[in-house]
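Please look over the structure shown here before reading on. The briefing that follows takes its parts topic by topic.

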Amino acid sequence: MTGSGPDARTSGTDKRVSETDDRTTGAGSGAPALTVVRPGALTTVQDLGRPGHAHLGVSRSGALDRPAHALANRLAGNPAGHAALETTVDGCAVRTTAAVTVAVTGAPCPVRVDGRPAAWGAAVRVPAGAVLDVGRAASGLRSYVAFAGGIAVPPVLGSRSRDLLSGLGPEPLATGAVLPLGAPCGPPAHADAVPWAGPPVGGLVLPVVLGPRDDWFTPAALRTLARGAFRVAAASNRIGLRTEGPALERAADSELPSEGMVLGAVQVPPDGLPVVFLADHPTTGGYPVVGVVHEAELAAAAQAVPGTPVRFVPVRG
Amino acid sequence: MTTPRARPLRVGPHALLVEVAGGEAAQALHTELLRRRAAGTLPAVTEIVPAARTVLLNGLADPQALAADIVHWDVPPLTAADGDPVVLPVRYDGADLAEVAALWGVAADEVAAIHSGLEFRVAFCGFAPGFGYLTGLPAHLHVPRRATPRTTVPAGAVALAGPYTGVYPRSSPGGWQLIGRTDAVLWDAAREPAALLAPGTRVRFEVAA
């Protein structure tokens with residue numbers, strides 16, 4: 001995906017080491033902590049990310065569905081920047097060493113405490129030693145699980161987010177891993193109606209500001225971008241939302257020297273299929289960017305399951 | 001000296017990609033942007049990301065205003081930086097040393113002296129945290145990347161591709177030509193600064209004893 005990087009073939013790494021090293025913090029020491037009972041397909045710690053390091057090759061990272069992440073924190077009584085769990089498709093289960101208030105938002109899913117149904121989208125009290133099970137997403141892809149006090153793993157460059165491309169931040173959850181929790185700092189909030197845009201119904205509509213390299217494509221390719229029937233590809237991940245559909249044809253066959261990439265960039269690799277860069281995207285790349293999706297639209301992209309129709313809508317400004 | 005003007009390109013609602021004539025002009029513009037930011041005369045910006053012939057400015061409130069202004073800038077050409085360069089000791093025993101020597105038209109044991117006799121500058125970073133693209137190889141020493149990338153390149157590998165020298169901060173797949181290896185720690189997130197080679201840093205390689 002990076003094109004002209006030292007390794008143009010791979011689109012990122014997802015190294016999963018079996019367990020975290022800091023088992024000494026947490027269980028047994030009296031400090032509240034989580035022990036992972038079921039890690040799920042891919043569950044990572046996410047906060048608002050680490051902006052300001054792109055010149056060193058480090059992307060912002062952070063929660064893909066930021067409104068859902070913010071809501072989970074608010075319901076749990078946390079500031080917006082606290083670290084929470086981001087699950088993928090099939091949730092996760094954790095045991096808590098102390099009684100803690102939690103909130104699950106994002107993709108709607110069954111929530112259980114020691115097997116008993118509990119509320120989604122609301123503050124839930126989990127007793128000490130109980131198992132919180134966040135189930136399979138009924139729609140959408142990613143649920144957010146916030147714990148009062150936040151997940152208190154040591155920050156890396158000011159953030160606790162796991163960046164799957166850079167390999168920074170805590171490893172994805174593994175069975176038996178222990179995650180320390182911080183001290184709660186506020187009462188949980190109550191919301192009568194949980195605002196969540198939901199997974200894109202009937203398709204994902206992504207407004208695209210054309211440029212910087214729209215002139216690398218033929219007029220026919222730009223029409224294809226605007227009218228083509230694209231779908232979310234199964235190979236999508238935290239690095240990018242990949243699409244399948246009609247290929248965009250380049251006007252020139254020359255090679256683009258590496259240039260800086262932004263969140264939401266719609267990069268077109270040689271196969272002609274647009275990739276929308278998400279939070280763990282590479283900071284530089286050598287394939288042309290036909291346009292940029294506004295960050296506010298990316299929360300919906302993060303919840304679009306493979307096969308979801310995608311429509312790009314070119315906009316001015 | 002008159003330099004060709006910058007060409008600002010729109011990148012979504014909050015960023016600007018400024019394209020210039022080439023690598024040296026990009027490094028000069030990056031230096032000027034850092035100078036203006038330090039002087040407080042640059043609008044607030046989250047990221048300044050130099051690359052091969054562009055500088056990306058991200059997190060701007062009004063990218064069009066800066067675009068209108070930047071085309072009028074007189075950017076001073078790059079000058080030799082003050083202070084000492086970062087010196088990286090290298091064992092020149094890379095797996096592609098013979099191939100690079102053949103491409104250069106020299107004997108394999110001459111590569112070390114030639115490469116360690118040059119001075120480099122980190123033009124930009126990317127690919128992995130702390131991976132710098134170092135310019136400074138004269139055109140006749142540019143080499144193509146390997147036809148088949150390796151699945152594993154060791155951490156500390158010193159490698160060449162096109163106009164660039166790079167040092168792999170960690171073990172990863174890679175397609176560059178390996179000429180040697182250094183024990184220097186290129187990236188340590190717990191260190192301040194985390195990256196040994198940030199854009200603008202001068203670098204020299206020396207033959208390890």
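Helices (H or I, at least four residues) and strands (E, at least two) are DSSP runs, numbered from the N terminus. With strands named in this way, A:Ala183 is found in the loop between β11 (178-180) and β12 of chain A. This is a predicted model, in which local features need pLDDT of at least 70 and side-chain atom pairs count only at pLDDT 80 or more, while totals for chains, interfaces and linings use all residues. Residues are numbered from 1 along each chain as its sequence is written, chains are lettered from A and ligands numbered from 1 in the order in which they are written, and side-chain values use heavy atoms, with hydrogens and water left out.

- A:Ala183 counts as exposed because its relative accessibility is 60%, where exposed means over 50% relative accessible area, buried under 20% and partly exposed in between (1.4 Å probe, protein chains only).
- Between the C-alpha atoms of A:Ala183 and A:Leu165, which are 18 residues apart along the chain, the separation is 30 Å.

**The barrel**
- In chain A, seven strands close into a barrel with mixed pairing, in the order β12-β19-β16-β17-β14-β13-β20, where two strands pair if DSSP finds at least two bridges between them.
- Neighbouring strands of this sheet are turned on average by 40° against each other, direction ignored, with axes being lines fitted to C-alpha atoms, for helices over the stretch in contact, and angles running from 0 to 180 degrees between N-to-C directions.
- Strands β13 (residues 230-232) and β14 (residues 240-244) of chain A pair in the antiparallel sense over two bridges; A:Val232 stands opposite A:Thr243, and A:Arg231 stands opposite A:Glu244.
- β14(A) also runs antiparallel to strand β17 (residues 275-277) of chain A, joined by three bridges, and A:Leu241 has A:Val276 in β17(A) as its bridge partner.
- Helix α2 (residues 219-227) of chain A lies across β12 (204-210), β13, β19 (289-293) and β20 (309-315), running at about 125° to β20(A).

**Helix α1**
- Helix α1 (residues 66-75) of chain A has several buried residues, among them A:Ala68, A:Leu71 and A:Leu75.
- The buried residues of α1(A) pack against β2 (44-46), β3 (84-86), β5 (100-106), β8 (123-126) and β10 (143-147) of chain A, contact meaning heavy atoms within 4.5 Å.
- Just after α1(A), A:Gly77 takes a positive phi of about 85°.
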